[in-house]
2 protein chains.
Amino acid sequence: MNQINRVAIVGGTHGNEFTGAYLIQKFAQFPDLITRPSFETVTLLANPQAFAAARRYLEKDLNRCFLRQDLQNPALNSYEELQAKSIQNSLALNGDKQADFILDLHSTTANMDLTIILVNTNPFNLKLAAYLSEINPLVKVYSCDFKSVAENPFVNSLCELGFAIEIGPIAQGVLKATLFQQTEELIHAVLDYLEQFNQGEIPATNKTLTLYHHLSVVDYPKKQDGTIFGMIHPELQDKDYQALNLGDPMFITFDNQTIVYQGESTVWPVFINEAAYYEKGIAMALTQKQQLKI
Amino acid sequence: MNQINRVAIVGGTHGNEFTGAYLIQKFAQFPDLITRPSFETVTLLANPQAFAAARRYLEKDLNRCFLRQDLQNPALNSYEELQAKSIQNSLALNGDKQADFILDLHSTTANMDLTIILVNTNPFNLKLAAYLSEINPLVKVYSCDFKSVAENPFVNSLCELGFAIEIGPIAQGVLKATLFQQTEELIHAVLDYLEQFNQGEIPATNKTLTLYHHLSVVDYPKKQDGTIFGMIHPELQDKDYQALNLGDPMFITFDNQTIVYQGESTVWPVFINEAAYYEKGIAMALTQKQQLKI
């Protein structure tokens, strides 16, 4: 990668995550905001029908539709599966119009501040993440890099460079001005960094990146029939990116029994109590905190 | 009303308001919790299909389906309209099995603590609301009493006694243990009060009730095509039940222009930034704070 020619900012991949969707609308109205001299910036409202319905998706979670084998499978034709193929055509299979960098905007009900979700260990992405976390202490870096791009079902699988931004806590279906503005500032910082890269003037950064590496997911306490009988413990609620040690409370059941963490090694939970993950059987994701030399 | 014989606790009227829906499931599993000597308590998961889908409703907002004329209109047959008729049959037209008191459990993304929503000025309801706000400072009383019961589209139109409980802030589709427990405590306080009433031992209360009386609603800033171009101002976000005066910030537009309150008289906004009200064109409801002698 010698030059970035085309940047795609994607929002509304989940239709009830309003921050990204409305930022896309703002940028469409004020394109100068995302214009930089050395590259083109395009915007994409990824799931317009879900946005219109204020729902995450209509038939299938769009941000799970980008497995290579699924994009190539003509039998998959739900609204979101077709939309994924259309987005692939636009951003990845578009000849000299394809995107060199994709920023995908999300929000979460979990207390994750401004999280960068890396899906690979490309050194460019790591350096940019280190820079962003250096200039803004609200930025956290969560790594769920896949063994191969073929296993990555996210929008960001379409392009080696780029990542998702996950902001929270914010309810689905609302805008919060502070988070809207923080997200926009982060986007500007990314675009400015890419411009400096193209100009051969990459800012100096820390040589160490604090990274939360995905380990596993934990489900809610459930009865045999699959129904939930407990909630995130009040002592864990909103404690994303904080250490969870053997014996610390994780859940409280509806009849007030505390369930503690029983792992031997310390973990750092994220996506604690994310609304969209109830249906996926995920109460939180566990990560390992790492200092990565870059 | 000399004796309350049957109390109905309704939850999941909106399927993505999990607190009430899961409290109903808890009470179904532990019925002793809501049993009192002098009356029967029944529970109802009002919109089970919307709860299963984790959506507010499937076809029509169930808590707008209880207008008398709609309940009597055989042409109305969406899922929720039929469900409303079924609930009316169960709770209001059921001979000696009908409910004498209905508690309807809701949640909101707005910062409304434990709000009691009164739909009439029945002295029993006012006294109970005064008692609950006296024993728990988190309890607020919001009055949107209708001119007649025929104009009231809520579940609570089915019964003169009772009210809705609206707790927040909480995202749709999640449980928060603290709010779950606070709501359950409030339900127990209501049931204990009703038991004492039946025993002729009503607790003494303040003679004055602080009440927020509904005035009007305010929409988001919108362009001519109907799309939103502004958000709740950061200085107003989460300030439910606090005074809003002439010149105070209400909204901030996407291009950072502040829109201020231009009314002459002080108002007290509620339901600020409620997710479900975006589609209804409601950014907040304005109320007048009153001290009511009871």
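**Helix packing and chain contact in a predicted model**

Me: Which helices of chain B pack at an angle of about 130°?

Reply: In this predicted model, helix α5 (residues 123-135) of chain B packs with helix α6 (residues 177-198) of chain B at an angle of about 130°. Their axes are 11 Å apart.

Me: Why do we quote both an angle and a distance?

Reply: Two packed helices are described by the angle between their axes together with the distance between those axes.

Me: And what is the orientation of α5(B) and α6(B) to each other?

Reply: The angle is about 130°, and α5(B) and α6(B) are therefore oblique to each other. The crossing in which α5(B) passes α6(B) is right-handed.

Me: Which residues make that contact?

Reply: From α5(B), the contact residues are B:F124, B:K127, B:L128, B:Y131, B:L132 and B:I135. From α6(B), they are B:L186, B:A189, B:V190, B:Y193, B:L194 and B:F197.

Me: How many of them are nonpolar, polar or charged?

Reply: The contact of α5(B) with α6(B) has eleven nonpolar residues, one charged residue and no polar residues.

Me: Over to chain A. How do α1 and α6 cross there?

Reply: Helix α1 (residues 18-29) of chain A and helix α6 (residues 177-198) of chain A cross at roughly 60°, and their axes come within 10 Å. That angle makes α1(A) oblique to α6(A). The crossing of α1(A) and α6(A) is right-handed.

Me: What residues are in contact there?

Reply: On α1(A) they are A:T19, A:Y22, A:L23, A:K26 and A:F27. On α6(A) they are A:L179, A:F180, A:T183, A:E184 and A:I187. By class, the contact of α1(A) with α6(A) has six nonpolar, two polar and two charged residues.

Me: New topic: how many residues are in contact between the two chains?

Reply: In chain B, 32 residues are in contact with 32 residues of chain A. Chain B and chain A bury about 2700 Å² between them, and 64% of this is on carbon and sulfur atoms.

Me: Which residues of chain B lose the most area?

Reply: They are B:L175, B:M231 and B:F254, which together account for 21% of what the chain B side buries.

Me: Last one: what domains does UniProt list for chain A?

Reply: An unreviewed UniProt entry lists "domain: Succinylglutamate desuccinylase/Aspartoacylase catalytic" at residues 4-194 of chain A. Residues 4-194 are 34% helix and 19% strand, with end C-alpha atoms 7 Å apart. UniProt (unreviewed entry) also places "domain: AstE/AspA barrel-sandwich hybrid" at residues 208-289 of chain A. Residues 208-289 are 0% helix and 38% strand, with end C-alpha atoms 13 Å apart.

Note on methods: Residues numbered from 1 in each chain as written. Chains lettered and ligands numbered in written order. Predicted model: local features only at pLDDT ≥ 70, side-chain atom pairs only at ≥ 80, totals over all residues. Heavy atoms only, no water. UniProt positions renumbered as here; feature names shortened; annotations may be inferred. Helix = DSSP H or I, 4+ residues; strand = E, 2+ residues; numbered from the N terminus. Axes fitted to C-alpha atoms, helices over the stretch in contact; angles between N-to-C directions. Parallel < 35°, antiparallel > 145°, perpendicular 65-115°, else oblique. Left-handed = near helix turned anticlockwise from the far one by under 90°. Contact = heavy atoms within 4.5 Å. Nonpolar A, V, L, I, M, F, W, Y, C, P; charged D, E, K, R; others polar. Buried area = accessible area lost by both parts, 1.4 Å probe.
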